[in-house]
Amino acid sequence: MRSAEQRNGIITSKRNARDKALGFAGPYLVNDHDVYTKATASEIVQKIAKGEWTSSEVLEAYIARSAMAQAEVNFLYEDARKRAKELDAEFASTKTLRGPLHGVPFSVKDNYRMEGYDATVGFTAWANNPGKKDACLVAQLRAAGAIIFVKTNVPQTMFAFECSNPLWGRTRNPWNNKYTCGGSSGGEGALLAMDGSAMGVGSDIGGNLRIPASYCGIYSLKPTAERISSIGTQGRSSTRPGFEAIRSSHGPLARSVQDCELFCKTIFGQKDSSHQNIPMPYQAVELSSKLRFGYYLSDGMIETSPVCKRAVLETVSALRKQGHECIEFTSPLNTSAMEVFMGLASSDGYKKMLLFLVTLGPRLPFFVRNLICWITKTVLGDSLFSRFFSLGRVKTVSEFTDLTDQRNKITAAWYEQVWDKYGFDGIIAPVQSLPVIPHGGSTYLAPVAAATIIYNVVDSPVGTIPVTRVSPDTDQLSTDFVAGASGRSKVLENRMYLGKNPAYDPKAMEGIPVGVQLVGKKWEDEKVLAMMHVVDEALGPRGFGPGSWNPGRAQ
């Protein structure tokens with residue numbers, strides 16, 4: 001166990017090294033660099049294939065832009081420049097691209113191991129321990145021609161939906177630095193929103209791709225869990241080996257649907273060394289001219305904020321104008337899914353890993369936990385919060401297997417009560433009940449992640465699409481709002497919407513992006529991507545994508 005002085009020494013050393021690496025980035029020259037950073041990854045590959053751009057030219061623009069952000073933990077600038085020169089020389093000689101990602105500047109979440117670089121996940125204990133081998137996905141990206149030039153920040157252990165840790169510090173929302181960029185793939189979200197990377201990759205076990213994508217105004221896809229390999233990732237497999245009750249998913253964060261699609265066309269179907277992922281190649285789908293979408297405005301546990309409801313309704317309106325059918329329904333199993341997730345995640349009392357739900361008390365003495373549950377249920381009148389809190393404890397083997405069985409039953413019930421009952425092609429849903437949270441908010445607002453967790457429990461592929469921005473003119477809370485109505489959580493809603501300092505403040509949040517989830521059936525990842533195109537085109541131009549961020553617009 002290192003002393004506080006030793007830990008502080010490591011922190012100072014690593015941050016100094018990061019600052020020194022920034023010196024290898026040139027200045028961002030608008031007239032020279034904008035043409036590259038305002039291009040999608042797909043457009044970059046096309047320009048290089050035509051001989052109009054070189055990998056080195058593109059890379060220098062993104063290196064300069066990335067230096068403006070505060071989302072990175074490791075800069076691979078010199079190695080990236082060497083690789084870009086190799087790709088340029090190869091293309092000049094053969095006139096053939098190395099692969100479908102040839103010359104695309106890529107960022108990767110810090111949990112992916114890379115040869116010669118740390119994967120600290122915010123722990124000083126894992127600093128100065130460079131990887132000996134690339135993670136499987138990293139190797140696949142490189143083989144396809146991608147140029148990985150930065151690693152991005154995460155919350156410590158990666159199980160929080162914001163982005164701060166003792167080693168690297170805090171990454172802020174690129175649109176308003178008083179709020180978080182989301183997490184755990186928050187560094188990716190912030191960097192991509194600022195055009196500091198052409199495409200990125202992250203992981204998701206409870207919303208970790210979708211939440212930062214929505215908070216930062218970019219696109220993402222959470223694939224079905226076994227479509228992409230997790231071999232070689234630091235975090236879940238290292239801090240809690242053997243935990244498979246909720247499978248982690250790996251997928252792209254990008255600035256367009258086309259780039260999410262490019263990523264999946266490249267990576268889907270590739271086997272890992274242990275043959276653990278499903279070798280199912282990308283299979284293009286042809287959609288019906290008239291699709292049937294379901295949608296809901298609330299998960300039934302927490303009141304959804306006006307702006308998050310508006311994002312869903314604007315999406316529904318745009319789809320209806322294009323002739324698609326949209327049917328409102330009640331999401332029936334969110335509370336049960338959240339209970340199962342919390343029960344499984346806390347089953348060992350977090351002896352091997354601290355999750356973001358640690359705030360719900362797994363290490364409290366039994367009688368203290370019961371007392372708090374009684375107070376919230378009888379005195380505060382919040383049976384829902386009491387149920388969530390009571391689940392955060394060590395489980396017996398029998399209880400763990402019962403919870404796993406409940407997970408399987410919830411998945412079966414979801415198909416019976418939703419997909420089979422209504423015949424939906426896809427589902428439009430809020431990403432969260434709040435558009436964004438303040439720094440430190442996940443310590444007391446953890447249950448709002450239930451909106452994304454349901455789709456980890458049932459293992460659905462989910463796309464995230466930016467829709468709108470917070471407006472104080474249209475997104476104020478209704479004056480007749482009552483916390484805890486209709487069985488919702490009174491404790492959480494009071495903290496979110498009422499009191500002297502509510503988490504939801506549309507005036508303070510003005511301009512923050514808000515997205516929606518687009519959900520499909522398990523293994524129908526390609527259909528989700530195709531429907532993302534439909535939704536994106538229906539919504540039309542709305543100020544998202546490459547070039548939408550500029551320093552003057554951020555608060």
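Q: What makes strand β8 (residues 199–204) largely enclosed by the rest of the structure?
A: In this predicted model, 6 of the 6 residues of β8 are buried, so the strand is largely enclosed by the rest of the structure. Buried here means under 20% relative accessible area. Both faces take part: M199, V201 and S203 point one way, G200, G202 and D204 point the other way, and all are buried.

Q: Which strands pair with β8, and in which sense, parallel or antiparallel?
A: There are two to look at. Strand β2 (residues 105–109) pairs with β8 in the parallel sense over 3 bridges, while strand β10 (residues 249–254) pairs with β8 in the antiparallel sense over 5 bridges. Two strands count as paired with at least two bridges between them, so 3 bridges are enough for β2 and β8, and 5 bridges are enough for β8 and β10.

Q: Why are C181 and C216 called buried?
A: The limit is under 20% relative accessible area. C181 has 0%, so C181 is buried, and C216 has 1%, so C216 is buried as well.

Q: Why is helix α10 (residues 257–267) called roughly antiparallel to helix α18 (residues 525–539)?
A: Their axes come within 10 Å and cross at roughly 170 degrees. As for contacts, V257, Q258, C260, E261 and C264 in α10 meet L529, M532, H533 and D536 in α18.

Q: How do you know that the span of helix α12 (residues 334–345) agrees with what its 12 residues should give?
A: At 1.5 Å a residue, α12 should span 16 Å, and its end C-alpha atoms are 16 Å apart, so the two agree.

Q: What makes α12 largely enclosed by the rest of the structure?
A: Of its 12 residues, 11 are buried, so α12 is largely enclosed. Among the buried ones are N334, M338, F341 and A345.

Conventions. Residues numbered from 1 in each chain as written. Predicted model: local features only at pLDDT ≥ 70, side-chain atom pairs only at ≥ 80, totals over all residues. Heavy atoms only, no water. Helix = DSSP H or I, 4+ residues; strand = E, 2+ residues; numbered from the N terminus. Expected span 1.5 Å × (residues − 1). Buried < 20%, exposed > 50% of the residue type's maximum accessible area, 1.4 Å probe, protein only. Axes fitted to C-alpha atoms, helices over the stretch in contact; angles between N-to-C directions. Contact = heavy atoms within 4.5 Å.
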